[in-house]
Amino acid sequence: MRPVRKTENNRLTAMMQVRNEENRFLEEVLQDVSEYADEIVIVDDASTDRTVDICLSFPKVKEVVRLTERHFSREWELRSLLWRETCKYGPDWVLAIDADEVFESKFKRTVRQLMNQDTYDWVAFRMYDFWGGRTHYREDEYWQLHKRHTIMLLRNLPGFPYYYLQHDHHVHRVPLSYGALPGLLSDIRVKHLGWAGSEEERRRKYERYKQMDPEGIWGSQAQYESILDADPHLVEWKEEDS
Amino acid sequence: MNVVFFGEPGGEEEAGFPLLPDWQVLVVSAGKKSGKKNGISYVPLSAVRELEPSHGVAVVSHPYWMPFLRQWKPYAVIGLAYGADASSDASFHYYRKALNRFCDAVLTDSEEAMLDLSLRGIPAFHSPGPLGLSEGTAIAERCAELVGLCKANADVYDLRRSIQELAAHKRTERTEGLLEAIECEPHNEALITLAARYLYAEGRHSEAEYYGFQAFGRCVVASGSRCLSLYRWIAMVQARQGKTEDALNSFGVTAIQAEDKARYQRLLAAYDQQLHALVCADICRENGDMAYALELLERHPTPFDRSIRYQLYKETDQYSKALDLLAQDRPKELAVERERWLLLGEQEEQEGCVPQAVSFYLKAACIDQEVISNILRLEMVERFLAAYS
């Protein structure tokens, strides 16, 4: 019988949900993840561009589950599906990463250490919202994601129940039930590139948010509006000491 | 017949036990005081010794009465386990557990405690409210009901079975009530957890597992790590249904402390050797289902189950079986020798045979001086009883 926790030879499967990621950060992210993950499982939310082809061009992509109908307004279903599809391969650890997120390089050197232990079952990281480029991240009243930790890396515990809040948007990326287990708050940082594109791209994202959540039920209206701030407070990103 | 109330120091005045037709009600009082008030006789312990034990029902609120009761041997013993967890005294808890096992019925203010006792095969009843036998209180009414049952069964061989049936009936009523309440409050975690525990006690194990998971789902949203103890309880429910792999897996998830990790590794090794009964028994034992754990081990004995069986025999007062197991160990080893003297001492202590108990404890203390604390415990109980003599 497979033990619940192993202290060696742990395998890592990255899971990712994607939609119309062509000409964004997908290739860069998959290239990066391929350097440290053993395999990658992807759920494609009915992309209409070359996203699936790009995914399949990476040898470590084990499977791309293609949805024919868009699930963007049923995010908890999408997250649950992604979790189930990933766990069916029996990974030891799962990394929940989005198509616009890149770990700083220290992660590659330490990820095996983070997994090959039996003290904690998840690891959380600080995520920084890069803004209008890759030199600065945003930090103000509405943009403080980096001030708390986000669980991204977790041990797969077969049989352990997984729950997602049945929210349409902004659903936790990992099952809530893992909060019952011991975890580690890491000082390793994650670059979130979703806002690093042009002003035009940010405006399109703003319009998409306003369209999907006009009443601000799933997120903060004020934060949505702040996307268009002409002069946001930006902080220079300093790369880690090598 | 006589109902004799064995209270605690300073608590005699609160014992306004409801008067029952054809029953004499007595309260043991400290300092050789005697008298009669409101139809209740207050008597010293020496007067109780004069009573015919086969006509006596003892109602006991303090565990240090146990040695006396062992020797007096009344027809029935009803224990009152109220606020038992409030005391941090190890001796008190040792005697409380021993008294519970000795009782024909236990009344308690905690539903959790009641369910735990039920799993140990002790007929237990939940009766909320502060300890006090004043007429009209829930505890007095339940107590009177049990005394009535004792009277009705006076000529029946198996009183304990009648009390077990009454306890089972009360549990069934409560279980149905809880399941109805959940329909109105489907997200009430405390209610669902309690229903799961009742269902387990009822033997409805698959339903208990379903509600256990339902409770866990609500618990993790609200209170995070606190709910791992609930998850370990689910492991027992799975073990009880023979789902060994699931049970071991669930236990493994909760094995976070070093001691639990080591135990998990041992159970994994047992599982790999196909010793499934041993795995399930250990998980059930830890969660309090002693009866099932023992049943499993006696049905599927293995050479590797000795330490678990030994624990179970000790916890269920089966001293001769525990001693037999010890005899199979290496008797010349000091640790085994110490354990044997300790066990013999405990056996005598439980029977109320103080000189013999002290003698055995002294022999154990020659190997391990920590055992002296058991002799101090005996002295404390003797001082307690002396105050009433």
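Helices here are DSSP runs of H or I with at least four residues, numbered from the N terminus. With that settled, I looked up Leu376(B) and found it in helix H18 of chain B, residues 372–386.

Before going on, I noted that this is a predicted model, where local features need pLDDT of at least 70 and side-chain atom pairs count only at pLDDT 80 or more. Residues are numbered from 1 along each chain as its sequence is written.

Next I checked where the chains touch. I found 19 residues of chain A in contact (heavy atoms within 4.5 Å) with 22 residues of chain B. On the chain A side, Met1(A), Val4(A) and Ala180(A) lose the most area to chain B, together 39% of what that side buries; buried area is the accessible area (1.4 Å probe) that two parts lose on being put together, summed over both.

I got one salt bridge between chain A and chain B, meaning a side-chain nitrogen of Lys or Arg within 4 Å of a carboxyl oxygen of Asp or Glu. Lys261(B) and Asp118(A) pair up through their side chains in a salt bridge, 3.3 Å from N to O.

Terms used: Chains are lettered from A and ligands numbered from 1 in the order in which they are written. Side-chain values use heavy atoms; hydrogens and water are left out. Helices (H or I, at least four residues) and strands (E, at least two) are DSSP runs, numbered from the N terminus.
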